[in-house]
Structure formats: structure tokens, C-alpha cells
Amino acid sequence: MNRTSQPATAPLSRREFLTSAVAIGGGLALSFSLPAQEGGPPRPAGPPAAPRQPSGFLQIAANGAITIITPAVEMGQGGHTGMPMIIMEELGGDWKQLVVKDAAAAPLYNNPLFGQQSTVGSFSVRGWYTELRRIGAAGREMLVAAAAKEWGVSPAECTAANSVITHKPSGRTKTYGSVAAVAATMPIPQNPALKANSEFKVIGTSPARNDVAPKVDGSAKYGIDMVLPGMLVGAIKGAPTVTGTLKSFDDSAARGMKGFHSTVALPNGVIVLANTYWQAKSALDKVKVEFDPGKLGGIDSAKVSALLHAGFDEQGAVVRNEGDADKALAGAARVVEATYEVPYLAHACMEPMNCTVRANGDTAEVWVGTQSPQAVQAAAAQVLGLAKERVTVHMQYLGGGFGRRGESDYATQAAMAAKASGRPVKLVWSREEDIQHDFYRPAAAIRFRGGLDASGKLTAMEARVVTSAAPSFGGPPNAGFYTSSVGDMAYEIPNLKVTGINKDIGVRFGFWRSVNQSHNPFMLEGFLDEVAAATKQDGYQFRRSLLQNPKAKRQLAVLDMLAEKSGWSKRQAGHFYGISAFGAYGSYIGSVVDVSLKDKTIVLNRVVTVIDCGVAVHPANIVAQLEGGMVYGLSAALRGEITLKDGAVQQSNFHNYPVVMMAQMPKTECYIMPSTEAPGGVGEPGTAPIAPSLASAIFAATASRIRSLPLSKHNVTVVAAARV
Amino acid sequence: MIKLNINGKQVDLDVDADTPLLWALRDDAGLTGTKFGCGMGLCGACTVLLDGQVMRSCVLKIGDVGTKAITTIEGLSKDSSHPVQKAWIAENVPQCGYCQSGQILAAVALLKQKPNPTDDDIDAAMTNICRCGTYNRMRAAIHRVAKESAS
């Protein structure tokens, strides 16, 4: 595309969000930078930096093509469809003329909610919703203004829809493309008028996803598919122990092998480079490598568990303290106590980690599927001794992310290999490397004590939440984060104390789809189920009784809809139900799990999920996220665990880290609460309800209480019901 | 040189006979639609058809392929017009999409053998892993093919 930049036509100031409109190939392009957000990270004073590329977020070409640059990557969660929908809603553009592109690595695309360019935390729609609407609306107003100017009429007499501007009194029309160049010269509206929700034509519909076509014919390009002239392919062997480092290697047996190029030493492993992956892998198998096991050379899962349990008696950080839980528990007529625990988990994205790096002297390029383009950019830049702006990240489709691709370890390694070899390098991890060198979902445990008065009412609760995410999840220690769903529970208990204790165990940990909420609701909801059972109360009605505060109304509504849709009070004989509901990632979610018993096997009949995610941008995709999250959570609940022995991860591939397949997929029903509230997250919340709801149903069916995962440790077998 | 019949074309590849078909396809024949997932024949991301039968190409050495006709996702149709591809589009099946080449080929083989498969047939035949959890839409898409081919 022939790009001609012109100076911005509106005066710039820090508080203005639209910072440039430029003519681009005879069309219009809009960029913006964000005003400081309340509660967001501090921003430097002074004028905003100029956008790093003129394209910004929205381009309209003379031929009518609408290019939307999406700040959310596409990893299967629908970023390439949902983000454009939000702009298109306000723009009034023709969906058939939409072209979607990934954003480059640049601060322009930092998420307004947390100030980083990362597709994580179910933050994309939440963070960008208003900003993208304003970009679309500003574009529409500029296009309308341009058409009105050409006609010599008032913009107020014009409407815009489906990429056509209509002058209502005369019936004249102009296409967006035909006025795009003039629109680029119009003043940028700083407060464009946004539609009322009732006027939405795009938001709330489910257009076909933009990434489906290339994903059914094999043409979709993932990072692993990258090919460059002169490229070497790298296979990697990391230290077998979680803290291992490289001592020495001997590659003499590999040196004569076909295609072999070189061996690159890493601090904690070696990469063998060859012409093709199989040559690299075959040669790597011949390299003798010695590792130092490091400080955790002797750690095992029993030790991890003991460290977590030791945390129960540590002081920690009190994140919630209402009434006087200690005193109320001391004076309670009855105290219910229970300890819950979950193991480390691997992500196991279908596409093993990989990254391609080409160093070009004073610049470099990276081809990768990543959730965090700027992290990859910085990682490569550091290795290659370049300013990060000199590193271009070419975004590829992600073959799964789930938090794993928010890390950039593989980019560092690929850059090291490119630097050492002087050649473009594509590094491809094996599945074994992927499972054994992950950033694991932290192992965690909670000890609960609940105090009941003489009438059986829950008047006090203490929760001591212990996790293995110290020093921290990529920022300052934040007990509010790792106690989420417990510390911020909507349940009203007059005397409530929640304490977070974060243990520095030394096993590499990271974000894993829904992170802390992948286990905290399992524990809290499980404990509440225990209290309900101890006082012979119905699990649904018991939760209802704790949600009577008006502040809890959205969670209560989800709970009620679950009961209604699942037929909670109309269970058929032989069907046992479990329930859970909670807030997560700005949404409220819950599920009812319906099981039967066949001998000692749990038959999973169906999973009913309800979410209140505020405005539902793309309902079909939300259902896909709820089902997908449920499958991810079910895999973990059934058999998911990373165990350690002699400092090493014992699992290595899908035979010993098994996941749900077609035959284990239960029937699902998903319901979205109608809402005009601001959008909440949908990618992560769906992961969380299955474990507590399933455990609750298992208790209903068998009277055995599941307080740790996975279920396979308890010899509980779960099968999906036959479909009829 | 090893001769392979890939997507109806004779291809000569200068690859050792013990190279897995997956890597010969990806790195030597330039057909990257077939994906690497596990290297042990466990996940099915590398699924191709060998004379119409499902084969996990990461554990098949090319020296053992012989003259059998290899079909990869690229060879299924020129324009995504295969009924299974059309059904996958109609049901919006893919999420991350990485496993879908293999899933589609597994469904093609199933439907060739059983044009109107039961859910049990689908459970038995569709043994490829999808971490995004697209299973229910895949199931719906397979039923859609059966229904549309019957009508």
C-alpha cells in the first residue's frame, strides 16, 4: 500500500484520545492514544508519543475496504471478530468490506485497563469496548461531515449505515470509500456520539468468525509454519529439573549428521540447529548433555504440599476482615473445618512453543504467535543488543494461548540461537519440552473454618488462602489477586476474615486460563456445599440465603437462572445435581452439573452454564468460550496434574497429561443473561465452575466429598452420558 | 530420493527414510497445514489420509509409506468445497484452529466409512485432541454432513 502521511489536522493534547487522522492511499486512517485511566498504571507527563504507525486502528480506503487493526490477537477466543465488531457497530461499515490485521508491537495498543499490550485476563473487550466504539463513531462522523461538505448540506441531515451516507431530504448517497480522502481532512471529533444499546445492529449478533476460512483449508499461518530463506530449525533440550542449569555438552556424535549446523548453549539447555526440524531433533538426541539439578533438585510433590500446608500457620496478608471472625468462631455452636488443595497444571497448547527470529544487523524481526507482542519484542531486543523499537514482531495465529503465550522465554531462546548462528532461526519445542518447561498454574490450598450458631446459621468464616505464586505474578505482591473469588466473595457472612499467604517455592509459575479462579471457586464453593450439607440445607437455597444484599443481585440472578434452566427443583429420580456460582473477570458465572451413577462410575449427563457478562458482543462466540472453558476446566478436574519427583516434572506428553477428548465431552447448555451492563470477561470465567459443580454433584450422588484435584487421585471415574 | 504420492501428485523428496511423514510434509514438501502436536501419535494434529484411511503422520516413517496416496488438508479440495469443510464453516467450528486440519481429515475418513454415523461412532472415530473444546460443534458438523448428503 502506498502510504502518504500528513500532519494531524486537530490540535493534540494529552486528554484527547483521537490523535491523528491521516490520508492514506486516498483514504482515511484513525489513530489514538489513551488518556490516563483512573486506577491504571501511571503515565509519563507530556504529550502522547506519536503513533508508531499511521494506520492506527481504522483505515478506510478509496475502494471502500475497511481495515481494522485489532489490539487483541487471535488465539481462538475471537479477538479478530469481536474487536472489529465494536468499531463496526459505531462506524456503520459494511461487514463484507472488512479486513482485519493484527496490531504491531507498540504502546499505542496497550490495553486501557492495565497498560500493557497483552491479550490476557479476559481484558480485551472489557478494556477496549468504549475506546473502539469512540474510534468507530469518530470515523462515522468524519465520513458524514465529508459527504455533507461535498453536498453543501448539514451533517445533521445525513445518516450512515452499511458504508453508505445518505442525505435524507434529497435521497442522495455516497459510499464511505468515495469520501474517505476528504474525511481525512475533517476535524477529529473528540466526543463523538455513541449509539444507545437499543440501536445496536452489530453488537449482540454472531457473524461468522473472520478466521474460520483459513482454518479449514490449512492456509492459516501459525508461528510454527514460518519459513525464511536460509533459515535453520532448532530443537531444544532443557534441564530435566525445574531449577536445572547446563553444565556441559558433547555434540561430537551429532556433528556429522545430515543437516546438522551447530549446537547453541543456553543457561538451562541446548539448542541443536539443522536444516529441518527432524534433522535437528535427531541430532539433538545424539548430544550428551550434563545438567546441574539446581536448588530444587530434590523437590517432589509431597514437599510442595507440605510447604503449602505450612503456609496456613503463617501471618500472611489480611484481604478482608468484617466483624470479628476469630471471636465468632471461638463462640460458635459448631465449627465446620476443611482443607482444599490443587496441584500445578500445564497449559498444553496444541501448538508447541516456537519462535522465529532474524537478526538484520541493526534491526531484527520476530515471527511468533504471542499474547504479549511487546514482551517478545523486548526479549529479542535484549538478547540482540538492540533498542526494542528496532525489533519488528510479525504476529501469527496462536495455536492456543491460555496464558502460556503471554510469556516470552521461547523468544529469548530463538534470539540466542539466531545470534549464535548468524542465521534466521525457527525454534520448535517438542511436546515434552512444552509440558516440562511450562509456567505452571500455581499449586494452591485453602483452609476454611465456618462457624454456625445454634440455629445452624453460618455466622463466621475464616479462609486462609495459600498459593505458590511468590514472589508475584509479574508485579507487586497482590493478595487481592491470588485470593480472588474468596477475598471478594459476594456471599454475606457477618464475621468474615480472608488471609492470603504466598509461598516462594521456586517452581516456575504463571497465568493459566482463569488463574486463581481456576481453583478458588472449587474450594470456596466446595466448602459452602459442606456447610449446606452439615446443616441439611439445599445447596441452591443455602447460597441464595447468603446473597440477599443488593450488591449481590447479579450473582443471585445467575444462581436463580441456573436453578430455573437446569430444573433444579424438578430433578428426575437417579439424577444428582451440583451447583456453583461466583463473580470472575467482571462477569458472573455458574453452572449446574447433572450426574447419575452407573455402578461406581459417575455419568456426566449435562452441564448447564449461565453467564452474566454484561453486554454480550458476540453471543455464539461467548457460548464457544463457555464450552471451551468448561472443557479446559474439566480436563484439569478429571486428570490434570503436574507432579514433581527428584526436582523434575513427571509428566511429558498427552499419555500422562491426559485431556478431555470427544468421547468425554458432555452435553452442554449455555445461557447468557440479557444485560446492558458494561461488558465483562468471557474467556476465563468459563473454566472455573465445572470443578466445584461436578464435585458438588458427586457428593450428592455418593456422599463422598472431593477436597482436592484431580478426581483421578480419588479413584473417581467420570464418563459422559451416551447421547440419545 | 523417496517418491511419495501427495495430494495426487508424485513428489520426490531428498529425505532419509526414517523421517516421519509429518516432517517430510512440513519441512520438505512445504505443506504446513498438517500440524505437529505431540510426536507420539497421541493428539492427532498430524492426521493425514493414507489411501483414505486415517494415519498419524508423526509416527509414520516415510520409508514405510510406499505408493499409498497421501491426502493432506491442502489436498482435500481446492476451494474448501469438500462437504466436511463446508459443514465446519457452517458450524463455525474452529477456535484456535491448530487441530482442525487433523480433525477435518478424521471426520472425512469417518464419513467415508459411515455416511450416517451415530454419536458412538463419532466418539470412537474422533480421537484427536482439541484444547479449545470445539467438540460439540465438530459433532454437529459431522451430523450436518450426514444429513445434507442424505437429502
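Q: Which residue of β4(B) is the bridge partner of B:Thr47?

A: In this predicted model, B:Thr47 has B:Arg56 as its bridge partner in β4(B).

Q: In what order do the five strands of the open sheet in chain B stand?

A: The order is β2-β1-β5-β3-β4, with mixed pairing. Each of the edge strands, β2 (9-13) and β4 (53-56) of chain B, has a single partner strand, so one side of each lacks a neighbour in the sheet. Direction ignored, neighbouring strands of this sheet are turned by 40° against each other on average.

Q: Into which domains is chain B divided?

A: The assignment gives domain 1 (2-73) and domain 2 (83-150) of chain B. Their C-alpha centres lie 21 Å apart. The contact involves 14 residues of domain 1 of chain B and 13 residues of domain 2 of chain B. On the side of domain 1 of chain B that touches domain 2 of chain B, the elements giving two or more residues are β3 and β4 of chain B. The largest share of that side, three residues, comes from β3(B).

Q: How many residues of chain A are in contact with chain B?

A: As a general idea, the size of an interface is often given as the accessible area lost when the parts come together. Here the description is by residues: 48 of chain A are in contact with 44 of chain B. On the side of chain A that touches chain B, at least two residues are supplied by each of α4 (212-216), α6 (277-284) and α16 (619-639) of chain A. The element that gives the most to that side is α16(A), with seven residues.

Q: Which domains does the assignment give for chain A?

A: Three are listed for chain A: domain 1 (18-213), domain 2 (223-294 + 353-428) and domain 3 (302-344 + 440-720). Taken over C-alpha atoms, the centres of domain 1 and domain 2 of chain A are separated by 37 Å. Their contact takes 11 residues from domain 1 of chain A and 14 residues from domain 2 of chain A.

Q: How many helices and strands does chain A have?

A: Chain A has 17 helices and 29 strands. The radius of gyration of chain A is 27 Å, close to the 27 Å that the globule rule gives for 724 residues, so chain A is as compact as a globular protein of that length. The C-alpha trace of chain A spans about 80 × 75 × 55 Å along its principal axes. Of the 724 residues of chain A, 57% count as buried. Among contacts in chain A with a separation of 6 or more, 76% are between residues 24 or more positions apart.

Q: How many of the 12 residues of strand β24 of chain A are buried?

A: Nine are, and β24(A), which covers residues 587-598, is thus described as mostly covered. Its pairing can be followed on either strand in turn. With β23(A), residues 576-584, β24(A) pairs in the antiparallel sense over nine bridges. Within that pairing, A:Val593 in β24(A) is the bridge partner of A:Gly578. With β25(A), residues 601-612, β24(A) pairs in the antiparallel sense over 11 bridges. There A:Lys598 stands opposite A:Thr601.

Q: Which residues take a positive phi in the hairpins of β24(A)?

A: In the hairpin of β23(A) and β24(A), with two residues between the strands, A:Tyr585 has a positive phi near 55°. The hairpin of β24(A) and β25(A) also has two residues between the strands, and A:Asp599 in the turn has a positive phi of about 55°.

Q: What is the mean pLDDT of chain A?

A: The mean is 92, and 92% of the residues of chain A reach 70 or more. Over residues 1-17 of chain A the pLDDT is below 50, and this stretch has 31 contacts in the model beyond near neighbours in sequence. Residues 33-55 of chain A also stay under 50, and the model has 40 contacts for them beyond four places in sequence.

Terms used:
Residues numbered from 1 in each chain as written. Chains lettered and ligands numbered in written order. Predicted model: local features only at pLDDT ≥ 70, side-chain atom pairs only at ≥ 80, totals over all residues. pLDDT = per-residue confidence, 0-100. Contact = placed C-beta atoms within 7 Å. Buried ≥ 20, exposed ≤ 12 C-beta atoms within 10 Å, placed from the backbone. Helix = DSSP H or I, 4+ residues; strand = E, 2+ residues; numbered from the N terminus. Pairing = 2+ DSSP bridges. Rg over C-alpha atoms; globule rule 2.2 N^0.38 Å. Axes fitted to C-alpha atoms, helices over the stretch in contact; angles between N-to-C directions. Domains from an automatic or database assignment.
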